[in-house]
Amino acid sequence: MAVVTSLLEPDFLRKLEQLTLVSKKVFNGQLKGERRSARRGTSVEFADFRNYSLGDDLRYIDWNTYARLEKLFLKLFMEEEDLHVYMLLDGSQSMAYGSPSKFEYGKRIAASLGYIGLSNFDRVGSTVFAERMRDHLPPVRGKQQVFPYFNFLEKAQAGGQTSLAASLKEYALRTRRPGVAILISDFFDPEWETGLKALLHRKFQITVIHVLDRTEVRPDVLGDLKLVDCETGEEREITVSGSLLKEYQKAVDQFCGGIQHTCRRYGADYLQAITDQPFEDLILKWLRTVGLVR
């Protein structure tokens, strides 16, 4: 099936088909797929025994054990089911910054990981949020759903103020089944940790992808400037000197390091993505380092 999208090149899509999203936890799914479930079922992988009860299927009695112990035991097997993958994309106005913008870069990440999931019969959903949940695509399954999934991302636009805390708390309450949550944001919300805790409370496996523009990390401006907050419109005039730039860079390093430290403390994976870095390397190499894909 030929897939065409403005977000990803056809050659890159073929490379993505060789990858799989990794679930480090065991979740209950819905349909038989390619993942281990917490439930016991009737697949080919043996899991455990239990005592036979009247009405159990005689086909699963372990007759070898009966010959030794003269007691009936039933074989249990590990059932395989589909994984739920949730792409959570920050669509606030601050994500519109840069060329390419952080939002476009984030959409490409969501498109790539969603395509991997759909190619492997995982259930993939996506939500774009700002001050609250905004655009929402419920989980879909199967490669035939690639077209509506890409269409959803292509139409998404950035705008509005950021509230990771409110958005993620709302998402955690509204989502019935936990799974792998991939959070893509610049994290310009001081209350973001509250939102992370809300997802953790619902037992999501979380990967944080921290998207920044190079000029946000290492600006090269000097002199008198007027800074305008793109979300609130607040203005501030400053004079940028070499020493102030060093202080700024120190603050940015502390900001990013603090997010990484918090993620580690709560068992979430963290990866920083700078938008001028090669995109294919991010998906094909760097995401392997945090164990999200293989």
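Select Y86 and Y171. Both residues are buried. Keep in mind that this is a predicted model.

How are the rings of Y86 and Y171 arranged? Their centres are 5.9 Å apart and their planes meet at 75°. The cut-off for edge-to-face is over 60 degrees, so the Y86–Y171 pair is edge-to-face.

Now colour the secondary structure. Y86 sits in strand β3 (residues 84–90), and Y171 sits in helix α5 (residues 164–174).

Next, select Y105 and F279. These two rings also make an aromatic pair, with 5.4 Å from centre to centre. The angle between their planes is 90°, and the pair is edge-to-face.

Which helices hold these two residues? Y105 belongs to helix α3 (residues 102–119), and F279 belongs to helix α9 (residues 279–289). The pair therefore ties together parts that are 174 residues apart in sequence.

Buried or exposed: what is the state of Y105? Y105 is buried, with a relative accessible area of 3%. F279 is buried as well, at 7%.

Ring pairs join F12, Y105 and F279 into a cluster.

Then select R108. What does R108 lie over? R108 lies over the face of F279, 4.1 Å from the ring centre.

Last stop: zoom out to the whole model. How many aromatic pairs are there? The count is eight aromatic pairs.

Notes:
Residues numbered from 1 in each chain as written. Predicted model: local features only at pLDDT ≥ 70, side-chain atom pairs only at ≥ 80, totals over all residues. Heavy atoms only, no water. Phe/Tyr/Trp six-rings, centres within 6.5 Å; stacked < 30°, edge-to-face > 60°. Helix = DSSP H or I, 4+ residues; strand = E, 2+ residues; numbered from the N terminus. Buried < 20%, exposed > 50% of the residue type's maximum accessible area, 1.4 Å probe, protein only. Lys NZ or Arg CZ within 6 Å of the ring centre and 35° of its normal.
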